[in-house]
Amino acid sequence: MFQELRDPNSSKFQVSEFILLGFPGIHSWQHWLSLPLALLYFLALSANTLILIIINREAALHQPMYYFLGILALVDMGLATTIMPKILAIFWFNAKAISLPECFAQMYAIHCFVIMESGIFVCMAVDRYVAICRPLRYPSIITESFVVKSTVLFTLRNFLFPISVPVLAAQRHYCSRNQINHCLCSNLGVTSLSCDDRRINSINQLFLAWVVMGSDLGLIIVSYALILKSVLKLNSPEAASKALSTCTSHLILILFFYTVIIVISITHSAGMKVPLIPVLLNVLHNVIPPALNPMVYALKNKELRQGLYKLFSMAYTSRKSLVDVFLGFGSFLHSGIGSLQ
């Protein structure tokens, strides 16, 4: 668990692994939370996989808006998968130990997928803004080239900016405590165990939370404010109501996504002891949006709903045909045996 530092002038010891204790204050019965968390994880994987299959199968859905939905589905599955296997292993197999490299890798992956999701929200907000506020220019602005360029740009940003998080965390000395009151390797939760100054880690975390994520949130708010302004000018009450309903459901998920980040950031930066609620929010933040995004973003869309019905109808028809084949084969065997008798 501890290994001596290679610096001959240092008498400190370096922790070689961390122990993830789970949810603080409820360690004795936290395993009961594994069922709803596992169900949310299964829902996230299955729902997003369905979205990808529908978009891939339906030629009519090969459009920029649906490409963004497909990218969001991939990011959602990645975001949930960065934490859920380890959390379920903690609850089901008491596998609480995690090595430092694994911990820092998880830390980096979480930040990458969270920032990527934020970037996709920006792209989707811009897509909706152009579609509603500049409908005549939509085909010339939101093209497949726009999707590729924006995806590449945000991917580079999302892989480069979070590199500082695990690099700075790895530079700290973990010489005494190694028990983390958390289910995952959060940056400030891990660095709070270090024996040296961690102010640079806190500053870097605040930079990512407020500058990178804050700028994304600002663009999203501006886009939806302009959408709302344009919708309220519509002469058709039915069209305005439909657009408002869609925007409201989108904004609820987006606000939940960013509010949790702000709460976690403020909790840690204020130097408070990590209570149950922020830790629970941190975990749910990585699994609830991936589970709900397909339903809110995709299933409210008429074309995707039709694709879903068609997929299920094909599955039902295939299943029925397979049953008919088995029944026909059974009848053939029964008639053959009867003729022999």
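The legends below describe close-up views of a predicted model.

**View 1. Confidence along the predicted chain.** The protein chain averages a pLDDT of 84, and 85% of the residues score at least 70. Over residues 1-11, however, pLDDT stays under 50, and for this stretch the model has 20 contacts beyond four places in sequence.

**View 2. Glu 58 in the loop between H1 and H2.** Glu 58 belongs to the loop that runs between helix H1 (34-57) and H2. With a relative accessibility of 18%, Glu 58 counts as buried, because that value falls under the 20% cut-off. Leaving aside residues up to four places away in sequence, Glu 58 touches Gly 307 and Lys 310.

**View 3. A nonpolar surface patch with residues from helix H6.** Val 148, Val 152, Leu 156, Leu 160, Ile 163 and Val 167 together make a nonpolar surface patch of about 520 Å². Helix H6 (residues 144-160) supplies the largest share of the patch, namely 4 residues. An α-helix has 3.6 residues a turn, so residues three or four places apart point the same way. Leu 160, which lies in helix H6, counts as exposed at 57% relative accessibility.

View 4. The structure holds 5 salt bridges, and in one of them Arg 157 pairs with Asp 216, with the closest N and O atoms 2.9 Å apart. Arg 157 lies in helix H6 and Asp 216 in helix H9 (residues 199-232), so the pair ties together parts that are 59 residues apart in sequence. Arg 157 is buried, with a relative accessible area of 15%, and Asp 216 also counts as buried, at 2% relative accessibility.

View 5. The side chains of Asp 196 and Arg 172 meet in a salt bridge, at 3.3 Å from N to O. Asp 196 is in the loop between helix H8 (187-191) and H9, whereas Arg 172 is in the loop between helix H7 (164-170) and strand S5 (179-180), so this pair ties together parts that are 24 residues apart in sequence. Asp 196 is partly exposed, with a relative accessible area of 25%, while Arg 172 is buried, with 12%. Asp 197 forms a salt bridge with Arg 199, the closest N and O atoms being 2.8 Å apart; here Asp 197 counts as partly exposed at 42% relative accessibility, and Arg 199 is exposed, with a relative accessible area of 60%.

How values were computed:
Residues are numbered from 1 along each chain as its sequence is written. This is a predicted model: local features need pLDDT of at least 70, side-chain atom pairs count only at pLDDT 80 or more; totals for chains, interfaces and linings use all residues. Side-chain values use heavy atoms; hydrogens and water are left out. pLDDT is the predictor's confidence in each residue, from 0 to 100. Contact means heavy atoms within 4.5 Å. Patches are made of residues with over 30% relative accessible area and no salt bridge: like charges are joined within 9 Å, nonpolar side chains (Val, Leu, Ile, Met, Phe, Trp, Tyr) within 5 Å. Accessible areas come from the Shrake-Rupley method with a 1.4 Å probe; for residues, only the protein chains shown count as cover. A salt bridge is a side-chain nitrogen of Lys or Arg within 4 Å of a carboxyl oxygen of Asp or Glu. Helices (H or I, at least four residues) and strands (E, at least two) are DSSP runs, numbered from the N terminus. Buried means under 20% relative accessible area, exposed over 50%, partly exposed in between (1.4 Å probe, protein chains only).
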